[in-house]
Amino acid sequence: MLEGVWSDDHIVRMAATAKFREFLAWQLSLGFVQFLKRNFPPRLKVEATWCLSNIACGNSELIIKHGNAVPRLVRLLRSRSADIRENVKPALPVLRLLINYLSDEEVVKVACWTLSYITADADTNEKLQVVIQTGVCPRLIQLLHSDPSAPVIEPALRTLGSVVSGDDDQTQFIIDSQVLPCLHQFLTQNYKERIKAIACWTISNITGGRLSQVQAVIEANIIPPLLDLVRNPEFNIKKEAVWAISNAIYRGSIDQIKFLVNHGCIEALSDILTCLDPEILLLCMEGLQLILMVGEICKQLGQNDGVNVFIKIVDDCEGFIKIKSLQTHDNKAIKEMAVAILTKFWAENDV
């Protein structure tokens, strides 16, 4: 190699120089990987991670060849040191390569969990944007189509759920990448309860966005199975489904709220007004209050013969009786909301 560097032939010289670069990167990375061990001081780990990230930018495969590098980088993501966690994130090009490394399912799983930790730890939309810009999101959505028992589904879904918690443009990017059909599949087919709960959480982040994003969820036929899951006995599924519906009501247009009502939203929310969890109770009551307010707007516009037809639906599914009983609830916020709803809609409409 040394002779090649000094060769008069520029092609030989270039090839020899490239070999030197690879040799030096390999030898240096061997040392840097060793510095990621637990018994080295935090500052040294930060510097070693920074060096490995720079090497990865030039040759990601080099890091993969070090069998211990990726597990140690993953372990550092859980470090108590914010400095260390932050310096692992520039290694994202490595993760993209790993996720596309189809011959080893364990490597793909580890890479997906690493991304899920990175996005869960992101405290700004700018940090989420870094993940999007690696180009890894379409591959994550592809992984959602894996066999229902595949361990890679959960970390891939958690990562995407975190990304759609960002700004509206970031959410739209994931929608445009065709995540909604996958979410519909998780709600309607035989997936683990944990996957269904994470899917509902992801949907709640989407329905908390623009009107057009609420509409995208509607057009993906996600609302009917979501309303079914509001009644699910598994608490985490129920809670996340209620959040998703609540956000759709809060963010939705009058026509979108009418769509929800026509698909049984009032009945679903009224059914769980006996829930013992204060958070779910308040979400349901806030949702019903907003729906009833839309009914009042329609009434004032002269629709439905000047009647708030949503009040009758609440009556018919015993929602009125349940709200009335909540006037004596131990929770002050629940008690006050029950009184406010009854005063506003039943006293004024003389029902």
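Is Lys-127 buried, partly exposed or exposed? Lys-127 counts as partly exposed, because its relative accessibility is 25%. On this scale, buried means under 20% relative accessible area, exposed means over 50%, and partly exposed is in between, using a 1.4 Å probe and protein chains only.

## About the model

This is a predicted model, in which local features need pLDDT of at least 70 and side-chain atom pairs count only at pLDDT 80 or more, while totals for chains, interfaces and linings use all residues. Residues are numbered from 1 along each chain as its sequence is written, and side-chain values use heavy atoms, with hydrogens and water left out.

## Salt bridges

Let's stay with Lys-127 for a moment. Its partner in a salt bridge is Asp-123, and the closest N and O atoms are 2.8 Å apart. A salt bridge here is a side-chain nitrogen of Lys or Arg within 4 Å of a carboxyl oxygen of Asp or Glu. Asp-123 counts as exposed, because its relative accessibility is 59%. A search of the whole structure finds eight salt bridges.

Two other pairs sit within helices. Helices are DSSP runs of H or I with at least four residues, strands are runs of E with at least two, and both are numbered from the N terminus. Lys-312 and Asp-316 meet in a salt bridge of 2.8 Å, N to O. Because they are four residues apart in helix α21, about one helical turn separates Lys-312 and Asp-316. Both of these residues, Lys-312 and Asp-316, are exposed. In helix α23 (residues 332–349), Lys-332 and Glu-336 are also placed four residues apart, about one turn of the helix. Their side chains form a salt bridge at 4.0 Å, N to O. Lys-332 is exposed, with a relative accessible area of 60%, whereas Glu-336 is partly exposed at 46%.

## Two pockets

What is a pocket? On a 1 Å grid over the protein atoms alone, a pocket is an open set of points with protein on both sides within 12 Å along at least five of seven lines, whereas a cavity is a set of points where a 1.4 Å probe fits but cannot get out; lining residues have an atom within 4 Å of a point. The grid points are joined across faces, edges and corners, and a volume is the space filled by probe spheres set on the points.

The largest pocket holds about 200 Å³ of space. Eleven residues line it, and those nearest its centre are Glu-105, Val-108, Leu-143, Ser-146 and Val-152. Helices α8 (105–121) and α10 (137–143) each supply at least two residues of this lining, and α8 gives the most, with four. By class, six lining residues are nonpolar, one is polar and four are charged. In this count, Ala, Val, Leu, Ile, Met, Phe, Trp, Tyr, Cys and Pro are nonpolar, Asp, Glu, Lys and Arg are charged, and the others, Gly among them, are polar.

The second largest pocket holds about 150 Å³ of space. Its lining includes Arg-158, Arg-194, Trp-201 and Glu-240.

## Loops and surface

Most residues other than glycine have a negative phi. Gln-178 is not a glycine, yet has a positive phi of about 75°. You can find Gln-178 in the loop between α12 (168–176) and α13 (180–188), where its relative accessibility of 49% makes it partly exposed. Asn-304 also has a positive phi, near 55°. This residue, Asn-304, is in the loop between α20 and α21 and is partly exposed at 40%.

Leu-301 lies in the loop between α20 (278–300) and α21 (309–316), and is exposed with a relative accessible area of 58%. Together with Ile-254 and Ile-297, Leu-301 forms a nonpolar patch on the surface, with about 250 Å² of accessible area. Patches are made of residues with over 30% relative accessible area and no salt bridge, with like charges joined within 9 Å and nonpolar side chains (Val, Leu, Ile, Met, Phe, Trp, Tyr) within 5 Å. Accessible areas come from the Shrake-Rupley method with a 1.4 Å probe, and for residues only the protein chains shown count as cover.
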